[in-house]
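I opened the notebook to go through this model one feature at a time. The entries follow the order in which I looked things up.

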Amino acid sequence: MSTAVKTQKLTMVQAITDAMATMMREHDDILVLGEDVGKNGGVFRATDGLEAEFGEKRVIDTPLAESGIIGTSIGLAMNGFRPIAEMQFLGFIYPAFNQIMTHASRIRSRTLGTFTVPMVIRAPFGAGVRAPEIHSDSVEALFTHMPGIKVVIPSNAYDAKGLLIASIEDPDPVLFLEPMRCYRSHKLEVPEEKYTVEIGKGARLQEGDDITLIAWGAMVDVIKKAAKEIEEEEGIHCDVLDLRTLYPMDRDLIAESVQKTGRAVIVHEAPGTGGVGNDVVSLINDTSFLYMRAPIKRVTGHDTPVPMCAIEDDYLPNADRVKQAIIETVRF
């Protein structure tokens with residue numbers, strides 16, 4: 001006899017709060033620290049209510065010092081705690097870059113496995129919410145380049161809760177990137193109980209035989225819209241993939257899909273030069289070159305800083321740009 005799972009309809013940011021609360025109720029060694037995460041509940045209210053439930057010794061407001069937040073978290077993690085550090089925006093993480101790249105990611109190998117760093121760094125990222133300069137950066141590629149730290153990016157509320165719980169349980173550091181455009185853009189039914197979504201596994205959101213569309217974060221909604229419209233307008237059927245984790249990447253899912261369709265378009269909002277899309281192209285070449293019927297296309301942000309909000313929409317990939325890339329690839 002099966003037991004029905006109780007669910008609640010949540011936005012992504014509510015699901016993230018629920019994930020942290022669920023884990024903090026189970027484990028006294030989990031702490032949350034960051035700027036304004038206590039009484040204010042964080043700049044996006046992701047930690048709203050946690051200080052009231054768990055107290056200021058477990059939900060800690062820190063000074064405006066990102067390197068201090070990460071350095072403190074590393075020390076806590078090496079001494080029996082599981083910290084969840086919040087960066088107010090991914091663009092604010094640069095002062096902490098040294099701590100992440102030279103310490104958090106290397107402790108396991110540096111100590112031959114004697115110590116690990118079970119910490120999560122949460123950071124809102126991406127454009128599309130009309131934020132000012134440095135608040136909209138999409139620099140995930142800086143971190144996928146460093147072995148030793150996993151990079152996770154959910155695109156919906158269900159995945160956000162399951163992936164964040166899996167990240168908190170992971171014995172090594174995880175950078176958990178939260179697309180700001182998705183925080184309150186939609187709601188999904190999310191189980192009230194604890195569950196996990198496996199790190200390193202992508203998801204197929206739609207079956208199709210003509211071309212593979214690949215994205216992560218806020219761009220998943222863009223490729224879903226493009227796939228729906230191109231099917232109605234041109235009769236082209238798309239296989240739609242949400243990678244969900246950029247490091248480690250789901251090589252099997254990508255290879256299986258492009259070996260079926262023989263074509264691929266990769267979409268991300270970070271600039272094209274040095275972007276993670278280049279790694280996906282390399283992966284396809286390594287695994288599936290002889291199956292391809294057309295060159296792989298990328299639709300990305302431009303090679304500029306994210307512009308001021310008045311022209312932000314001109315920077316971001318949209319469904320029309322993706323549809324043009326699909327048509328060019330299918331008709332090659």
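I began with β5 and β7, which pair in the parallel sense over 6 bridges. In this pairing I looked up F125, and its bridge partner in β7 is P179. I note here that the model is predicted.

On the other pairing I checked, β4 and β5 also run parallel, over 3 bridges. Here A85 has I121 of β5 as its bridge partner.

I then wrote down the whole sheet. It is open, has 7 strands in the order β3-β2-β4-β5-β7-β6-β12, and its pairing is mixed. Which strands stand at the edges? They are β3 (59-61) and β12 (245-247); each has a single partner strand, so one side of each has no neighbour in the sheet.

V151 has Y247 of β12 as its bridge partner.

**Cover on β5**

Next I asked how many residues of β5 are buried. The count is 6 of 6, and the strand is mostly covered. I sorted the side chains by direction: V120, R122 and P124 point one way, I121, A123 and F125 the other way, and all are buried. For reference, side chains in a regular strand alternate between the two faces of the sheet.

I looked for a helix over the sheet and noted α1 (residues 12-26), which lies across β2 (30-34), β3, β4 (82-86), β5 (120-125) and β7 (174-179). The angle of α1 to β2 is about 135°.

I also picked S73, in helix α3 (residues 66-77). Its relative accessibility is 0%, so S73 counts as buried. Leaving out residues up to four places away in sequence, S73 touches L33, P83, A85 and M119.

**Salt bridges**

My search of the whole structure gave 27 salt bridges. I followed up several of them.

R82 forms a salt bridge with D29, with the closest N and O atoms 3.3 Å apart. R82 is in strand β4 and D29 in the loop between α1 and β2, so the pair ties together parts 53 residues apart in sequence. Is R82 buried or exposed? At 16% relative accessibility R82 counts as buried, while D29, at 24%, counts as partly exposed.

K260 and D239 meet through their side chains in a salt bridge of 3.0 Å, N to O. K260 belongs to helix α9 (residues 251-261) and D239 to strand β11 (residues 238-242), so this pair ties together parts 21 residues apart in sequence. I recorded D239 as buried, with a relative accessible area of 0%, and K260 as partly exposed at 29%.

For E207 and R204 the closest N and O atoms are 3.9 Å apart, and the two form a salt bridge. E207 counts as exposed at 58% relative accessibility, whereas R204 is partly exposed at 26%.

**Backbone details**

I looked up the peptide bond from Y247 to P248; it is cis, with omega near 5°. P248 lies in the loop between β12 and α9, and Y247 is the residue I had noted as the bridge partner of V151.

R244 has one of about 65°. R244 sits in the loop between β11 and β12 and is buried, with a relative accessible area of 12%. I134 has another, near 75°. I134 is in the loop between β5 and α6 (141-144) and counts as partly exposed at 40% relative accessibility.

**Surface patch**

Together with Y94 and L142, I134 makes a nonpolar patch of about 240 Å². I located Y94 in the loop between β4 and α4 (97-104). At 35% relative accessibility Y94 counts as partly exposed.

How values were computed. Residues are numbered from 1 along each chain as its sequence is written. This is a predicted model: local features need pLDDT of at least 70, side-chain atom pairs count only at pLDDT 80 or more; totals for chains, interfaces and linings use all residues. Side-chain values use heavy atoms; hydrogens and water are left out. Two strands pair if DSSP finds at least two bridges between them. Helices (H or I, at least four residues) and strands (E, at least two) are DSSP runs, numbered from the N terminus. Contact means heavy atoms within 4.5 Å. Axes are lines fitted to C-alpha atoms, for helices over the stretch in contact, and angles run from 0 to 180 degrees between N-to-C directions. Patches are made of residues with over 30% relative accessible area and no salt bridge: like charges are joined within 9 Å, nonpolar side chains (Val, Leu, Ile, Met, Phe, Trp, Tyr) within 5 Å. Accessible areas come from the Shrake-Rupley method with a 1.4 Å probe; for residues, only the protein chains shown count as cover. A salt bridge is a side-chain nitrogen of Lys or Arg within 4 Å of a carboxyl oxygen of Asp or Glu. Buried means under 20% relative accessible area, exposed over 50%, partly exposed in between (1.4 Å probe, protein chains only).
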